[in-house]
Amino acid sequence: MGAHVLLPSGGLTANSSLFTCHGSHPAQKQQMNCSTVTYAPFAEPVCFANVTDDKQFLVLSCSWGGGFPTALLWWKGPGGQGKDGEESSSVLIVRYSAFQFGKAYVCAAKHPLVTQTKTCGLTLVPVSKPSVLVRDTLPVEGATVKMQCNVENGTEPIQYVWQREIERGSITTFAQGSNSSIITMSNVNRSHSGRYRCVGSNFLNTENSDWVFLDIIFGPDVPQIDVTSYSITDRGFSALETEPVSLSCQAQSNPASQYIWFYNNSQLFTGPQYTIAKVLRVQTGDYTCLAQNSHLNTRSRKTVSLIVYCECDLYPPVGSPSCSMEAAQNHTSLSLLCSWSGGLPSPSLRWTGDVMKAEQEETELQTNLQNSAAILLPSEGRIPNNSLFTCIGAHPARKQQAECSTRTYIPPAEPVCFAYVTNTQQYLMLSCSWDGGAPKALVWWEGPGGQSKGGQENSNILVLRYGTARSGKPYTCYAKHPLLVEAKSCRLTLEAPVLLTQRRVISVYEGSDVQLTCNLRANYLPANDITWFNNQGVDVRDTSKYMLLQTSAWANLTVRETDETQDSGEYRCSTSNAVGGAEINVTLVVKKYPMPPNATLIRATYNSRQRNEVELEWQVDGTEETGGWTGFHLEQRWVSERPNKRRSSNISQLQMEERIASQDWYRIVIQDPGSRSHTVRGLTPTVTYQFRITPINHRTIGHPSVARTPVELRDNMYPAVVGAAVGGMLFAAIPTVLLLVFIIRNRDSNPRLHTMLFGSQHSQSRENINFPEDEVVADSDGGLENSTGSGKKKSYQTHF
């Protein structure tokens with residue numbers, strides 16, 4: 001069976017209307033109800049689109065969340081591409097090849113409570129081929145370069161990716177995001193030279209721009225002068241007389257440098273290399289190389305000293321060369337150092353290294369620095385990992401060469417970031433490590449709001465005052481090694497603790513135990529202990545009222561024996577860490593159980609002449625179904641006390657009067673809700689009591705019944721006895737009266753009978769009826785009866 005009602009809506013039915021269905025059945029005493037609320041959806045319909053991974057279909061979705069009943073959604077597109085009339089028509093699937101780009105697809109939404117149809121639309125356009133605009137394609141080193149990626153058409157959001165080609169076929173991404181259509185590179189250097197392009201994409205397609213070459217103009221750097229057939233002394237280079245000497249000059253520059261040689265400040269030669277076939281002692285002096293950049297009109301120079309010795313003056317150095325390795329130029333290059341002191345002239349040192357393992361080609365590297373050999377290698381990916389470099393030392397006075405070696409390698413694994421708090425909770429320490437590797441990697445921190453430390457090898461620890469860390473902001477540790485092009489990084493995002501609870505509002509009945517939960521969401525930083533505050537704002541500890549169970553990740557508070565007045569309210573769970581604090585409120589609603597139905601005492605009777613036991617019987621008003629009450633309070637109190645000579649002498653008259661005057665109700669708890677009678681024992685016979693019954697529903701106490709005084713057994717016998725006596729007297733009186741009337745009328749004919757009944761005229765008849773004196777007890781129910789005749793006063797006491 002069902003009840004259906006069709007309501008004309010379209011604005012005629014108010015929002016948030018409540019409708020209740022009432023159901024009844026002859027077999028049930030109570031009606032059953034159910035309700036529903038109608039309400040219009042919030043906000044406006046929302047449209048969005050997606051492309052399947054295989055790019056075969058476009059999926060257009062529409063939603064209008066909320067509302068009851070659910071709104072009807074349908075799509076309308078160009079060329080009949082639509083779907084309407086169905087509740088499942090909120091999704092429109094169109095083949096990618098059949099989709100009409102640039103034309104509007106509209107989703108309509110209709111709800112019975114809203115008069116007008118709501119709409120939202122999508123007009124999808126693929127990304128067109130981007131173009132890159134560079135204002136200066138020949139920037140000078142140290143300048144700022146700005147590149148812009150232009151996309152004429154395309155549905156937002158458009159993602160931009162900037163790519164760079166380091167070597168032929170080796171492409172890397174250095175910037176990306178929806179706000180990266182313009183990138184700015186500040187303080188560019190020669191390492192930024194190369195080809196660049198922009199990639200534009202949305203959820204429909206991806207397009208690449210043409211490559212743009214960026215050529216950085218720089219130099220010349222300070223020239224590097226290499227001398228062959230030489231030795232290094234404290235004052236410069238040395239050579240043996242009549243030996244060939246070659247001086248070569250190399251200065252990094254773009255465009256390439258032009259070179260001019262000077263001997264003792266006199267121009268000697270033009271070109272990168274100057275050779276002396278047989279050097280003489282008179283050619284001892286200073287040789288200077290001047291490098292020029294014609295594009296920038298800049299110059300740089302370097303001077304070396306050459307000393308020519310006679311073979312008769314030679315002696316060798318002691319021991320063997322010593323090798324070391326360092327990072328240079330902000331860890332972008334590798335510096336190899338080799339030294340071998342002593343000897344005359346100074347020994348010659350040169351570096352060799354297998355830096356082209358793929359081609360198995362040995363490259364010789366040498367320097368011209370006095371008594372040490374140093375070389376600066378532009379690294380950043382050009383030197384393979386685990387490369388071996390060897391320094392070879394030679395001296396004219398030694399027949400064999402001496403050497404030493406060093407090996408470069410990248411640290412294993414990745415940089416590791418971690419945070420910890422000092423014991424005094426004054427500081428938060430952010431530490432970063434990238435152990436291993438040669439040379440040692442450079443590590444530094446960068447954080448929000450200028451909270452950073454960089455540029456030093458000992459900057460792997462960032463110290464922050466407790467509570468000053470930025471919540472939700474990343475702290476990034478960068479690690480740079482000369483053998484790698486890009487710096488490695490690890491990141492810490494420090495967050496204040498987040499507390500969760502199963503229920504924000506908890507409702508219980510009085511007398512129940514209830515548990516309030518508080519959980520700590522997983523967080524990087526450890527939090528302090530979780531603290532509970534009760535509805536009075538007082539820190540909760542384990543007591544008879546509260547039980548607290550907790551670990552480092554959660555804390556549960558149990559409120560025992562809840563009371564509506566004492567325990568209702570907001571309870572607060574709180575914790576904190578080095579970033580900040582968090583708290584969550586849980587509202588506890590303690591409800592009283594429903595008021596039980598009224599109960600009525602229908603019988604209160606003494607069950608014996610001793611008056612020390614009373615039988616009580618009651619009934620509950622209304623339904624007798626289980627529920628509504630859980631037991632009864634049976635109460636009694638003293639009303640009065642009649643005189644009793646045999647009363648115990650232990651209780652004084654004053655105590656008895658005070659006891660009666662108090663009139664307190666004494667309670668007996670009956671826990672059986674099905675009980676309808678009870679016998680009260682141990683009563684004082686001389687006391688008059690009142691009784692009443694009160695139903696209870698758990699802790700909710702109902703209204704007490706009208707108080708009743710128990711009735712004695714004789715009160716129940718008097719009506720029958722009196723009725724029988726009166727009936728018998730009336731039955732006997734009628735014939736007696738008739739007989740007396742007959743005798744009086746016929747006294748003359750029957751004088752003897754008249755005289756026998758009435759006697760002589762002046763005689764008197766006296767009847768003495770004696771009854772023993774008994775104690776008469778009177779109470780409010782009538783324990784004393786008096787009857788007065790024309791003669792004497794007579795007292796009667798009836799015993800049962």
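Figure 1. V245 has I276 of strand 23 as its bridge partner. The model is predicted: local features require pLDDT of at least 70 and side-chain atom pairs count only at pLDDT 80 or more, whereas totals for chains, interfaces and linings use all residues. Residues are numbered from 1 along each chain as its sequence is written, and side-chain values use heavy atoms, with hydrogens and water left out. Strand 20 (residues 245-250) is joined to strand 23 by four bridges in the antiparallel sense; strands are said to pair if DSSP finds at least two bridges between them. The open sheet consists of three strands in the order 17-20-23, with antiparallel pairing. Strand 17 (224-228) and strand 23 (273-276) each have a single partner strand and stand at the edges, so one side of each lacks a neighbour in the sheet. On average, neighbouring strands of this sheet are turned by 15 degrees against each other, direction ignored. The axes behind such angles are lines fitted to C-alpha atoms, for helices over the stretch in contact, and the angles run from 0 to 180 degrees between N-to-C directions.

**Figure 2. The protein chain as context for the close-up views.** The protein chain contains four helices and 55 strands. Both kinds of element are DSSP runs numbered from the N terminus, helices being H or I of at least four residues and strands E of at least two. Of its 800 residues, 36% count as buried; buried means under 20% relative accessible area, exposed over 50%, and partly exposed in between (1.4 Å probe, protein chains only). Among contacts between residues at least 6 apart in sequence, 62% join residues at least 24 apart, a contact being heavy atoms within 4.5 Å. The accessible surface of the chain comes to about 46,400 Å², and 50% of this surface belongs to carbon and sulfur atoms. Accessible areas come from the Shrake-Rupley method with a 1.4 Å probe, and for residues only the protein chains shown count as cover.

**Figure 3. A salt-bridge network of E141, R190 and D221.** Salt bridges link these three residues in a network; the term denotes a side-chain nitrogen of Lys or Arg within 4 Å of a carboxyl oxygen of Asp or Glu. E141 and R190 meet through their side chains at 3.1 Å, N to O. E141 lies in the loop between strand 9 (131-134) and strand 10 (145-150), and R190 in the loop between strand 13 (182-185) and strand 14 (194-201), so the pair ties together parts 49 residues apart in sequence. The side chain of D221 meets that of R190 at 2.4 Å, N to O. This second pair links distant parts of the chain, 31 residues apart, with D221 in the loop between strand 16 (212-214) and strand 17. E141 is partly exposed at 29% relative accessibility, R190 is partly exposed at 28%, and D221 is partly exposed at 26%.

**Figure 4. The salt bridge of R681 and E613.** The closest N and O atoms of R681 and E613 are 3.5 Å apart. R681 lies in the loop between strand 51 (677-680) and strand 52 (687-697), and E613 in the loop between strand 47 (599-606) and strand 48 (614-620); the two residues are 68 residues apart. R681 counts as exposed at 56% relative accessibility, whereas E613 is partly exposed at 23%. The search of the whole structure finds 20 salt bridges.

**Figure 5. The disulfide of C323 and C404.** The sulfur atoms of C323 and C404 are 1.7 Å apart and form a disulfide, a term for cysteine sulfur pairs within 2.5 Å. The torsion about their S-S bond is about 85 degrees, so the disulfide is right-handed. C323 in strand 26 (residues 322-328) and C404 in strand 32 (residues 402-408) are 81 residues apart. C323 is partly exposed at 21% relative accessibility, while C404 is buried at 12%.

**Figure 6. Two left-handed disulfides, C432 with C477 and C518 with C573****.** The sulfur atoms of C432 and C477 are 2.0 Å apart, and the S-S torsion is about -85 degrees. Both C432 and C477 are buried. For C518 and C573, the sulfur atoms are 1.9 Å apart, with -80 degrees about the S-S bond. C518 lies in strand 41 (residues 514-520) and C573 in strand 45 (residues 569-576), so the pair ties together parts 55 residues apart in sequence. The structure holds nine disulfides.
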